[in-house]
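Dear colleague,

I am handing over the structure below, together with some notes for a reader who has not seen it before. Please look through it first and then read on.

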Amino acid sequence: MAETASEQGRAQAAMLPVAGRRNVLVTSALPYVNNVPHLGNLVGCVLSADAYARYCRLRGHNVLFICGTDEYGTATEAKALQEGCSPREICDQYHALHREVYRWFGISFDHFGRTSSPEQTEICQDIFRKLLENNWLSEKTIQQLYCGSCQRFLADRLVQGACPVEGCGYGSARGDQCEKCGELLNSTELIDPKCKVLEANAPSQCSTAPNLGSVPLNSDRRSFQVCGSTPCVRDTDHLFLELPLLKEKLEGFIDQASGDGSWSQNAVHVTNAWLKGGLQPRCITRDLKWGVPVPHDKYKDKVFYVWFDAPIGYISITSCYTPEWEKWWKNPENVELYQFMGKDNVPFHTVMFPSTLLGTGENWTLLKTISVTEYLNYESGKFSKTKGIGIFGNDAKDTNIPPEVWRYYLLTNRPEVSDAQFIWTDLQAKLNNELVNKLGNFVNRVLSFIAKPEGAGYGSIIPPATNAESYTQTRAISETVGKLIDQYIDAMDKVKLKQGLKIAMAICSEGNAYLQESQFWKLYKQDPPGCATVMKTSVGLVYLLACLLEPFMPSFSTEVLQQLNLCPEEHLSFCDEKGERDKAKRPWDLIPSGHRIGKPAPLFKGLDDNTVKGFKEKFAGSQAERRLRAEVATRLENTTI
């Protein structure tokens with residue numbers, strides 16, 4: 001797939017840290033390739049990271065935004081089994097689908113890579129060897145579920161049952177992690193009569209075995225039927241990262257980073273719970289075939305556990321972007337690392353990944369700030385990539401609702417403190433009331449009046465504003481907007497994206513009120529200089545909104561700048577060194593008198609009730625159920641009576 005325009009623009013020369021500038025390394029949690037990302041995945045990591053990376057560029061910082069698909073491990077093997085192809089084919093297919101979804105949403109990666117690269121193997125194995133040399137690894141014998149007929153250990157993620165954590169008891173916990181409480185688990189902990197193997201459509205690996213799908217455990221609580229044989233619990237040797245031995249180094253890092261980096265409260269809470277509960281050695285290997293091979297004679301038939309290898313993907317993907325990747329990843333004095341993810345990913349990034357890097361003894365760039373979201377739920381249920389429930393990236397595209405509307409809705413509904421819900425009628429209300437009636441109306445009202453021919457408007461020419469500060473209303477809105485800009489920058493610097501967007505929209509509300517209270521349509525005849533001041537100030541606010549909202553709705557900003565007949569690449573910067581932050585507080589000075597604007601046009605189209613009802617019906621149930629409904633509908637259409 002072709003790169004996005006922003007990727008192309010930055011692909012000519014690799015972005016490297018610059019002395020004397022603020023260098024920000026932004027990563028988004030690497031999405032699994034077992035499905036197309038749904039809206040919960042998007043807002044939890046990729047979209048939030050994109051909004052922050054765009055804001056940093058707006059502020060004039062030197063930014064590198066890295067992401068890619070997480071391609072190794074059980075989830076990939078399971079999806080390959082389900083679709084009857086190889087893991088590599090699954091990775092190729094879904095990597096391309098992910099790229100297309102993110103391209104459509106306008107995600108401005110500097111590089112979007114993948115973890116199944118030679119660079120990933122090289123860097124992952126190198127880190128492992130250093131941990132081994134430094135005596136931070138140990139060998140232990142553990143128990144895993146094994147199928148004698150298939151001659152394979154059963155991957156933890158393929159097992160589902162009740163969460164054993166006291167106070168949780170979630171009935172659909174996985175053998176590797178409970179998605180409700182976030183606790184990491186082992187599949188043997190889920191063994192009870194209700195436990196089952198996932199991937200009902202997965203063909204058996206055993207040539208004589210029928211495809212039995214999900215089969216309950218036997219009442220002996222020790223085994224279950226999978227492919228005509230009875231798997232058992234078997235001992236297997238694995239390598240462990242000794243987190244207890246690294247505790248002192250880890251706690252020193254956490255104490256400093258969580259304070260200096262203003263970690264989100266949910267990240268602090270999850271991390272402290274891990275430390276309070278007592279760190280335990282964590283297994284870093286698995287009995288799988290699809291993964292980074294373990295460079296150790298005894299474990300050469302095993303691969304690294306995906307929790308160990310996936311975060312290293314940030315580093316290897318950067319190395320695919322530039323051979324000088326160490327200038328980003330081994331340069332903590334000059335680089336700030338910002339990471340974005342959902343709450344179920346926190347311990348991997350605040351405990352395990354930092355411990356892994358600390359254990360090498362090298363001077364790694366460690367996490368400064370982590371921004372974590374709670375869950376975005378779908379209507380009355382949960383989004384689920386595995387179960388195919390919710391609105392997925394390709395679904396959003398198929399609605400013909402523009403990407404900037406989806407971005408706005410998701411970021412205003414970003415679950416920063418508690419879980420949030422995607423509700424179709426809420427999307428409709430935000431689009432119709434906030435984007436169409438407020439933001440779109442303000443922009444169109446200002447530009448349309450300026451575009452009117454002389455005698456009714458200004459013939460598309462920006463009029464002069466003489467002694468703008470002498471007008472009470474104009475001076476008042478200047479002061480108000482100045483305070484809001486300071487609040488916006490403060491919120492965004494602290495990665496409070498939802499608040500930053502709310503403040504930007506407050507400037508729109510102030511602009512609407514200023515325009516209405518001025519009664520510019522009367523001033524045009526009664527007080528021409530006053531009207532000119534109002535319109536020049538208002539068009540400056542339009543320009544200001546295009547800049548402030550660019551991190552959230554880049555295509556909206558591009559369209560507004562085109563209507564203003566301004567180059568999108570030369571929009572206002574909020575770089576402190578250039579003094580443009582103060583310039584933005586004088587909106588009447590932002591666009592010069594005599595400038596000719598382009599052709600105004602409506603920016604948003606509303607949603608009616610019937611359309612929303614149709615979406616609710618179309619996207620009800622799982623992806624499989626939707627496909628079945630579509631197939632039935634097609635057959636009915638093609639049936640001749």
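Rings of Phe, Tyr and Trp (its six-membered ring) are taken as a pair if their centres lie within 6.5 Å, and planes under 30 degrees apart count as stacked, over 60 as edge-to-face and the rest as tilted. Tyr378, Trp406, Tyr409, Phe422, Trp424, Phe615 and Phe619 form one aromatic cluster.

This is a predicted model, in which local features need pLDDT of at least 70 and side-chain atom pairs count only at pLDDT 80 or more, while totals for chains, interfaces and linings use all residues. Residues are numbered from 1 along each chain as its sequence is written, and side-chain values use heavy atoms, with hydrogens and water left out.

The structure holds 30 aromatic pairs. In one of them, the ring centres of Tyr102 and Phe109 are 5.7 Å apart and the planes stand at 85°, so this pair is edge-to-face. Tyr102 also forms an edge-to-face pair with Phe112, at 5.4 Å centre to centre and with 70° between the planes. Because Tyr102 lies in helix α4 (residues 87-104) and Phe112 in strand β3 (residues 111-114), this pair ties together parts that are 10 residues apart in sequence; helices (H or I, at least four residues) and strands (E, at least two) are DSSP runs, numbered from the N terminus. Tyr102 and Phe109 are both buried, and Phe112 is buried as well, where buried means under 20% relative accessible area, exposed over 50% and partly exposed in between (1.4 Å probe, protein chains only).

Two charged side chains sit over rings, which requires NZ of Lys or CZ of Arg within 6 Å of the ring centre and within 35 degrees of the ring normal. Arg286 lies over the face of Tyr305, at 4.1 Å from the ring centre, and the charged end of Lys330 is placed over the ring of Trp364, 4.7 Å from its centre.

As for the backbone, Asn135 has a phi near 65°, a positive value in a residue other than glycine. Asn135 is found in the loop between α5 (118-133) and β4 (137-147), and is exposed, with a relative accessible area of 60%.

Finally, a nonpolar core is a set of buried Ala, Val, Leu, Ile, Met, Phe, Trp, Tyr and Cys residues joined through side-chain atoms within 4.5 Å. Of the 175 residues in the largest such core, Leu39, Trp406, Trp424 and Leu544 touch the most other members.

With best wishes
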